[in-house]
Amino acid sequence: MEQQRSINIINSSFLVGIPLLALISVVFYSLEYGISWIEPIIFVTFYLASGLSITAGYHRLFSHRTHKAAWPMRLFYALFGAAAFQNSAIKWCSDHRRHHLKTDEEEDPYSVKKGFMWAHMGWVMVDQGEEIVEHVEDLQEDRILAWQDRHIFLIGFLVGIVLPGIVGFLIIGGIHGFLGGLIYGGFLRIVIVHHATFLINSAAHTWGTQPYSTTNTSRDSPLLSFFTFGEGYHNFHHTFQADYRNGHKWYHWDPSKWWIKVASWFGMTKDLHRIPKKSIESQRMKTAFENNSDAEQVSNELQDKLAQCIQQLRKGFSELMKRRDEYKAAKLERKKESKEAWRRRKESHKARIKQCKVIIAQARLEFKHLMQSLKINDSATVAAV
Ligand SMILES: [Zn+2]
Ligand SMILES: [Zn+2]
């Protein structure tokens, strides 16, 4: 049945009005007062607080339960998440969980299949019948989130608009300072955080690579990660949504994962969930194989080879973990041994670890050969045609 759709006046006015207000007020403020180094600092501080509250808080903690967080952390996310003006955590997560459950389908609230601009912001500007809030019972039981949901606009107004004004008033002074904080830490910052978040639903479902899955439109875009606190690795995220990281390699630009990790050193977060390396790499192998082969024409022999590579890779990683744990345990016991005995034992531990790395390297090499043979098969088919 076709749903009744009409323009949501409040959301539309806000989404169109706030960039205009930010632009006009920045021009007015610059002409009237110029700019010092304090306004950009207020902007960055509020950008970090509200941006991380969306990515690490609303997204990775509340929506996906990738880790646990102490109440001060949850309160921080509730306050500054409200300041991002993206609705309450409960409603945001309801939409987001549906987005993962029904990606690209009719029920996906921000399906990119309905157009880039629809996924970006159109879906917020249109009433899509009765508001559905579902699959968030766990969040409704959290007293901080239930309180935030009840007072979302008041909290947003106080923390996202009044507070930056007060900060400006206290640091710069007078009406000049209040306006500086309000405009840079409030209006302009809201616009930038809005569109950075919106780009995950639009751009990260349009441009980029698909190393882990091609079953939906999500894509990895390291470039996007630079201004979205690491959320650009979206193909990885859609494939492994239980992982607290979106950029899983240490060098992937993912400030949200670093924030969550550093918070764990202070006891503010715990139980950080990571998908094992063997699962990530074998998924990558499967996807590369599927992308380079025609599912109907590829022989059983090649399929078997892929299965062998994956099996060997997983075995290598499992053994490696065990050997490393043994080595760690042995290190704790070393004081009981003579220097010479420890030296010999250390060498044997290192040799066993090396053996595991050789198994992994062999699996990778065999996979490389498999991919080359797929390409040869492919060009032979083309030549035959
Ligand atoms: Zn997600
Ligand atoms: Zn997505």
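## Packing of helices H2 and H12

In this predicted model, helix H2, formed by residues 38-63, packs against helix H12, formed by residues 255-265, and their axes come within 10 Å of each other. The two axes cross at roughly 75°, which makes H2 roughly perpendicular to H12. Packed helices are described in general by the angle between their axes and the distance between those axes.

On the H2 side, the contact is made by Leu52, Thr55, Ala56 and Arg60. Helix H12 contributes Ser256, Trp259 and Ile260. By class, the residues of this contact comprise four nonpolar, two polar and one charged.

## The two sides of helix H12

The buried residues of H12 are Ser256, Lys257, Trp259 and Ile260. Viewed down the axis of H12, these buried residues fall within an arc of 160°, so they line one face of the helix. The elements that cover them include H2 and strand S4, residues 269-270.

On the other side of H12, Val262 and Trp265 are exposed. Just after the helix, Gly267 takes a positive phi of about 75°.

## Positive phi angles in two loops

Asn87 lies in the loop between helix H3 (71-82) and helix H4 (89-101). Its phi is near 80°, a positive value in a residue other than glycine. Asn87 is buried, because 20 other C-beta atoms lie within 10 Å and the cut-off for a buried residue is 20 or more.

A second case is Phe229, placed in the loop between helix H10 (222-225) and helix H11 (234-239). Although Phe229 is not a glycine, it has a positive phi of about 55°. Phe229 is also buried, with 27 other C-beta atoms within 10 Å.

## Domains and their contact

The domain assignment of the chain gives domain 1, covering residues 5-270, and domain 2, covering residues 277-384. The C-alpha centres of domain 1 and domain 2 lie 38 Å apart.

The contact between them takes seven residues from domain 1 and six residues from domain 2. On the side of domain 1 that touches domain 2, there are three nonpolar residues, four polar residues and no charged residues.

How values were computed
Residues are numbered from 1 along each chain as its sequence is written. Chains are lettered from A and ligands numbered from 1 in the order in which they are written. This is a predicted model: local features need pLDDT of at least 70, side-chain atom pairs count only at pLDDT 80 or more; totals for chains, interfaces and linings use all residues. Axes are lines fitted to C-alpha atoms, for helices over the stretch in contact, and angles run from 0 to 180 degrees between N-to-C directions. Helices (H or I, at least four residues) and strands (E, at least two) are DSSP runs, numbered from the N terminus. Angles under 35 degrees count as roughly parallel, over 145 as roughly antiparallel, 65 to 115 as roughly perpendicular and the rest as oblique. Ala, Val, Leu, Ile, Met, Phe, Trp, Tyr, Cys and Pro count as nonpolar, Asp, Glu, Lys and Arg as charged, and the others, Gly among them, as polar. Domain bounds come from an automatic or database domain assignment. A residue is buried if 20 or more other C-beta atoms lie within 10 Å of its own, exposed if 12 or fewer, and partly exposed in between; C-beta atoms are placed from the backbone. The arc is that of the directions from the helix axis to the C-beta atoms.
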